[in-house]
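Please open the model in a viewer and keep the selection panel at hand. The stops below are given in the order in which they may be selected.

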Amino acid sequence: MLSSLYRCDLSVFQLYSTAGAGKNLTTLGIFGAATNKVICSSPLCPAYRKEVVGMVDDRVCKKCPPQRLSRFQEECHKYHTLVIKGVRVFDLAVLAPLMRDPTLDLKVIHLVRDPRAVASSRIKSRHGLIRESLQVVRSRDPHIHRMPFLDAGHKLGGKKEGGGGSDYHALGAMEVICSSMAKTLQTALHPPDWLQGNYMAVRYEDLVVEPIKTLRQVYGFVNLAVSPEMEKFALNMTSGPGYSSKPCVVSARNATQALSAWRTALSYQQIKQVEEYCQQPMALLGYERVGSPEEGKDLKLIKDMEDHQPGLRRLPRALEQGMPLRRGAGGSAPCGTRGLEAPGADEADGGEP
């Protein structure tokens, strides 16, 4: 599927259509169409102009006329850079054939986030992601030893911590996610020939606290220049008035609140459970573990990331330096696939490339 999409062959979407056999899929039938800037902009729809940086209103986009996929393909071919945002690539090696293809010039930008924040986001969405969490848990290799829950009394369907089965599965999914994350990071630290110079890790925390600096680093990695309009947009999206409690909703956020939300949302037991599952990737990415319940709730620890405050260390140079996208793979979040979107705008599920 990725091979087809990077070549703007959108007919592959027909294989995943729920419209039924024999019915042609249109632009409005594509997952996430109502938040897709290309589908919602001229010439496919008069609602917006692609060259104007900014979000689109899904209520407006849903009124756009359906277009044939062939027209969408024509627009796709006009772009010099193609970005696909996706998650659940549990094994980076599956991208090797694409990365070896000189016609694609593929690079990987791996968006990562503090696993405790990822767990908090998944628990917060509860019913919205419980099926996805179950799929992740069931993808676990049955031959690999499974870590037990630290709290032996935390049983499936129980009401402990107020979450019931959805919390149980959300935390269980973190074992698989962090195992995959650790494997990807180890591969990046000791890259095979096809990955050398083609991988860059970006921490969500760096992106929302220093959006301009981080954005320039990402654009530089793929040999692109950041426009002043994009820099302003990124800054606005990470300096909103508050922190939304709704998962999978793209909006301007307060960066500090976004970083600290997991400290008040998770119990100390849940924090320690995630840390147990995710100790290896946390160590590699510079996330420090919580030493006590009081430390877990201490919001002062996230006040200034530039001062190397407790809780976050510098990324290993080998992960942050990816060498010089024409066409690239970005981190599909369970909440949807929206292409290139605002940094820090939604609940980054970070973990897999």
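Select Met1, Leu15 and Tyr16: together these residues make a nonpolar surface patch of about 380 Å². Patches are made of residues with over 30% relative accessible area and no salt bridge, like charges being joined within 9 Å and nonpolar side chains (Val, Leu, Ile, Met, Phe, Trp, Tyr) within 5 Å. Accessible areas come from the Shrake-Rupley method with a 1.4 Å probe, and for residues only the protein chains shown count as cover. A salt bridge is a side-chain nitrogen of Lys or Arg within 4 Å of a carboxyl oxygen of Asp or Glu.

The model is predicted: local features need pLDDT of at least 70, and side-chain atom pairs count only at pLDDT 80 or more, whereas totals for chains, interfaces and linings use all residues. Residues are numbered from 1 along each chain as its sequence is written, and side-chain values use heavy atoms, with hydrogens and water left out.

Remain with Leu15, which is placed in the loop between H1 and H2. Helices (H or I, at least four residues) and strands (E, at least two) are DSSP runs, numbered from the N terminus. Leu15 counts as exposed because its relative accessibility is 70%. Here buried means under 20% relative accessible area, exposed means over 50%, and partly exposed lies in between (1.4 Å probe, protein chains only).

**Disulfides**

How many disulfides does a search of the whole structure find? The search finds four, a disulfide being a pair of cysteine sulfur atoms within 2.5 Å.

Select Cys40 and Cys61, which are joined by a disulfide with an S to S distance of 2.0 Å. This pair links distant parts of the chain, 21 residues apart: Cys40 is in the loop between helix H1 (2–6) and helix H2 (58–61), while Cys61 is in helix H2. The disulfide is left-handed because the torsion about the S-S bond of Cys40 and Cys61 is about -100 degrees. Cys40 and Cys61 are both buried.

Next, select Cys45 and Cys64, another disulfide, with S to S at 2.1 Å. Cys45 lies in the loop between H1 and H2 and Cys64 in the loop between H2 and helix H3 (69–76), so this pair ties together parts that are 19 residues apart in sequence. The link of Cys45 and Cys64 is left-handed, with -75 degrees about the S-S bond. Cys45 and Cys64 are each buried.

Move on to Cys178 and Cys278, whose sulfur atoms are 2.0 Å apart in a disulfide. Since Cys178 lies in helix H7 (residues 165–189) and Cys278 in the loop between helix H12 (268–277) and helix H13 (279–285), the pair ties together parts that are 100 residues apart in sequence. The torsion about the S-S bond of Cys178 and Cys278 is about 85 degrees, so this disulfide is right-handed. Cys178 counts as buried at 1% relative accessibility, and Cys278 counts as buried at 0%.

**Salt bridges**

A search of the whole structure finds 14 salt bridges. Select Asp101 and Arg7, whose side chains meet in a salt bridge (2.3 Å, N to O). Asp101 lies in the loop between helix H4 (96–99) and strand E2 (106–112) and Arg7 in the loop between H1 and H2, so the pair ties together parts that are 94 residues apart in sequence. Asp101 is buried, with a relative accessible area of 17%, whereas Arg7 counts as partly exposed at 36% relative accessibility.

Turn to Glu231 and Arg216, a salt bridge in which the closest N and O atoms are 2.6 Å apart. Glu231 lies in helix H10 (residues 228–237) and Arg216 in helix H9 (residues 211–221), so the pair ties together parts that are 15 residues apart in sequence. At 15% relative accessibility, Glu231 counts as buried.

Then select Arg289 and Glu276, where the closest N and O atoms of the salt bridge are 3.9 Å apart. Arg289 lies in the loop between H13 and helix H14 (293–296) and Glu276 in helix H12, so parts that are 13 residues apart in sequence are tied together. Arg289 counts as partly exposed at 37% relative accessibility, and Glu276 counts as partly exposed at 26%.

**Final stop**

Select Arg113 and Tyr204: the charged end of Arg113 sits over the ring of Tyr204, 3.9 Å from its centre. A charge sits over a ring if NZ of Lys or CZ of Arg is within 6 Å of the ring centre and within 35 degrees of the ring normal.
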